[in-house]
Amino acid sequence: MFSVAEAIDSGVARGRLHRADLRTPFRGVRASRDRGADGSLLAACLEYAPRLKPWQFFSHETALGLIGAPMPEWPHRPTIHVSAHRPAREPRTEGVRGHRLQVRESAVQSSEHGLPIEHPVRAWRQAGMSWRLDDLIAAGDFLIAGHVPRAAVDDLRTEIEVMGDLRGGLLRRALASVRPRTRSPRETRLRLLIVRGGLPEPETGWVLRTIGGRPIAELDLAYPRWRVAVEYDGRVHAENAVQFAKDADRWDRIRAEGWHIVRILNHHMRGSGATALHKVHEALAEAGWRTGR
C-alpha cells in the first residue's frame with residue numbers, strides 16, 4: 001500500500017496510478033490488485049494507514065479490535081474509527097468515521113503491527129458510545145485478563161470519573177459486571193446468563209487444587225461450595241483432536257476430585273439460553289443448592 005501523494009513526490013506518473021493492476025481501497029491510497037485484502041479489520045486498517053496524518057490514530061472499537069478484544073457478535077461489522085485531538089483535524093473520507101476529540105494529553109500506543117492506536121482504556125469508554133452493555137462487559141473482561149493485563153478495574157473506573165459516563169450510566173453498569181480471569185467472550189456471556197437467570201454467581205478462572213495445594217485445573221466458571229464446574233466448549237474441540245484429548249483428560253482429573261462438570265456448547269446458548277441455564281440449575285440443585293439459600 002502507498003499514498004498517491006508519496007508516489008507523485010517520488011516521481012511516479014499520475015497515469016501509472018490509474019492502471020488496472022492497482023486498486024483504490026481508500027481515496028488517495030493505492031494497493032496491488034494481486035494482493036487483495038482478506039476482509040479483516042486489520043487488513044482494512046493497514047490499507048488506510050498511508051493516509052494517516054502524524055496526529056491521527058485509530059480509536060474507539062477499531063483500537064480495541066486491533067489488540068484482539070472481542071467485538072460485538074454478528075451481524076455487527078466493525079467500523080474504522082480515526083481520531084485526532086483538537087485543534088488538529090480528523091479525517092473526512094468515505095469508509096472511515098472521523099472524530100475530533102477534546103484537548104487531552106495523548107496516550108496513543110503502537111499496535112503489534114506498528115499502527116498508532118488509542119489507549120485501550122480510553123478506547124473502551126469510546127466504544128460505549130455505540131456498543132451494548134454485554135459487549136462492553138466482554139471487552140472489559142478481556143482488558144483485565146491474562147498474565148499481563150492491559151488494564152485494571154481501577155483504570156476503567158478512573159476513565160469514567162475523569163471523562164464522564166455515557167448513555168445513562170452504561171459504563172458504570174458494565175464495569176460492575178466485569179470480572180478477572182475470563183478467557184473468552186462466550187464465557188462472559190455464559191456467566192451473565194447464569195446470574196441473570198437467578199443462579200448464584202460463579203467464580204471465574206478458579207484454580208482447582210489437591211489437598212496438598214498442587215494445581216489440577218483452571219476452571220472457566222466454578223462453584224467451590226457445591227463442587228460444580230461449568231465449562232464452555234467452543235469449536236476448537238470439533239477442529240482440534242489433540243486439544244480435545246487434552247481436555248478429556250483434564251475433565252477426568254476434575255471428576256476424580258469429586259466435582260460435577262457441566263459442559264456448555266454453543267447450541268445450548270442459542271435464543272434465550274434456556275438450555276444452558278437449565279443444565280447449570282440442575283447440577284447445582286443435585287449438589288444441594290436451593291433457591292433463596
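Where does Glu231 lie? Here are a few friendly notes.

1. Glu231 lies in strand 11; strands are DSSP runs of E with at least two residues, helices are runs of H or I with at least four, and both are numbered from the N terminus. This is a predicted model, in which local features need pLDDT of at least 70, side-chain atom pairs count only at pLDDT 80 or more, and totals for chains, interfaces and linings use all residues. Residues are numbered from 1 along each chain as its sequence is written, and side-chain values use heavy atoms, with hydrogens and water left out.

2. Glu231 counts as buried because its relative accessibility is 3% (buried is under 20% relative accessible area, exposed over 50%, partly exposed in between, with a 1.4 Å probe and protein chains only). The Glu231 side chain makes a polar contact with the side chain of Arg250 at 2.7 Å (N or O atoms within 3.5 Å; within protein, one must be able to donate a hydrogen and the other to accept it, and residues adjacent in sequence count only if both atoms are side-chain atoms).

3. Asp233 is also placed in strand 11, which covers residues 228–233. Asp233 is buried too, at 7% relative accessible area, and its side chain makes a polar contact with that of Arg263 (2.5 Å). Leaving aside neighbours within four places in sequence, the residues in contact with Asp233 (heavy atoms within 4.5 Å) include Trp251 and Asn266.

4. Now look at helix 8, residues 185–196. Nine of its twelve residues are buried, among them Arg186 and Leu190. The buried residues of helix 8 pack against several elements, including strand 11 and helix 5.

How values were computed: Expected span 1.5 Å × (residues − 1).
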